[in-house]
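Below is a short briefing on one protein model.

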Amino acid sequence: MYYIDPHIHMVSRTTDDYETLAKMGCVVVSEPAFWAGYDRGSVDGFRDYFEQLTTFESRRAQSYGIRHYTWLCINAKEAENVSLSREVIAMIPEFLDRPGVLGIGEIGLNKNTKNEATVFLEHLDLAAKTDEQILIHTPHLEDKYQGTRMILDMLNDDRRIDPTRTLVDHVEEHTVRHVLDSGFWAGMTLYPVSKCTPARAADIVEMCGPERLLVNSAGDWGPSKPTAVPDFILEMRRRGHSESLIRRVVYENPLQFFQQSRGFDFEPPEASGATAATAI
Ligand SMILES: [Zn+2]
């Protein structure tokens, strides 16, 4: 089955990972900008990072037959430095028309602070003014419920934001309905140390249905598993779910969401005459 990983940080992964993903049926990855593991010191650090995301990383993916797309922002972990955040937000438009850029992300909250909220709102303003799609990170564990409510309030307060072009990521059992009921797309992240497991994500699909639900690995430089989406496919098959339901969540939904971006030019393999692979 072909699938898409809508949230994975491939700059932190090896070329062996690309090869494994390709063998498992991954045809598209989307990579939001994120924290490097240390705070960058200047706007030029971000300019270099965006250069890597929009040039070298997409070439590296292409050599394994995977299309690479990206999202740009300054991460919430670095938002305490509001003046640097503003410099980065002012610089982002230099990159928005590059091939493979899908929008602004992953913006959001980390510890739900006032500065994080300020920088989040300024990213929303940029996305609204430039008509970009939005990908949102919600906080971890004990901060998730309150942070998700704060994020949804800020989104709902801005009438320029189109929920059908906005993805709220890292949802769990206690936040998914709030996100879907407000009309947004919701992403479930399969992560070994926090967030969802494949079994919990399958439970959520069974509880909420597949509409506007995506599943991703959020693979990065920490403990994470870039092949987590195939794990979810296996879990769904074990439970006896139909191939069409599984395919909707891991392929058709992300395709439908991404197709709303100007920068998304992926041609589905079926349309080019290839037969659907059954790699797993
Ligand atoms: Zn991420």
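Val43, Phe46 and Arg47 in helix α2 meet Leu84, Glu87, Val88 and Met91 in helix α4; contact means that C-beta atoms, placed from the backbone, lie within 7 Å. By class, this contact of α2 with α4 has five nonpolar, no polar and two charged residues. Nonpolar covers Ala, Val, Leu, Ile, Met, Phe, Trp, Tyr, Cys and Pro, charged covers Asp, Glu, Lys and Arg, and the others, Gly among them, are polar.

The model is predicted: local features need pLDDT of at least 70, side-chain atom pairs count only at pLDDT 80 or more, and totals for chains, interfaces and linings use all residues. Residues are numbered from 1 along each chain as its sequence is written.

**Helix crossing**
- The axes of α2 (residues 43–54) and α4 (residues 82–91) come within 9 Å and cross at roughly 40°.
- That makes α2 oblique to α4, a class left over after under 35 degrees (roughly parallel), over 145 (roughly antiparallel) and 65 to 115 (roughly perpendicular).

**Arg86**
- Arg86 lies in α4.
- Arg86 is partly exposed, with 15 other C-beta atoms within 10 Å; 20 or more would count as buried, and 12 or fewer as exposed.
- The C-alpha atoms of Arg86 and Gln146 are separated by 25 Å, the two residues being 60 apart along the chain.

**Whole chain**
- The protein chain has ten helices and eight strands, taken as DSSP runs (helices H or I, at least four residues; strands E, at least two).
- Of its 280 residues, 45% count as buried.
- The C-alpha atoms of the protein chain fill a box of roughly 50 × 40 × 35 Å along the principal axes.

Methods:
Axes are lines fitted to C-alpha atoms, for helices over the stretch in contact, and angles run from 0 to 180 degrees between N-to-C directions. Two residues are in contact if their C-beta atoms, placed from the backbone, lie within 7 Å.
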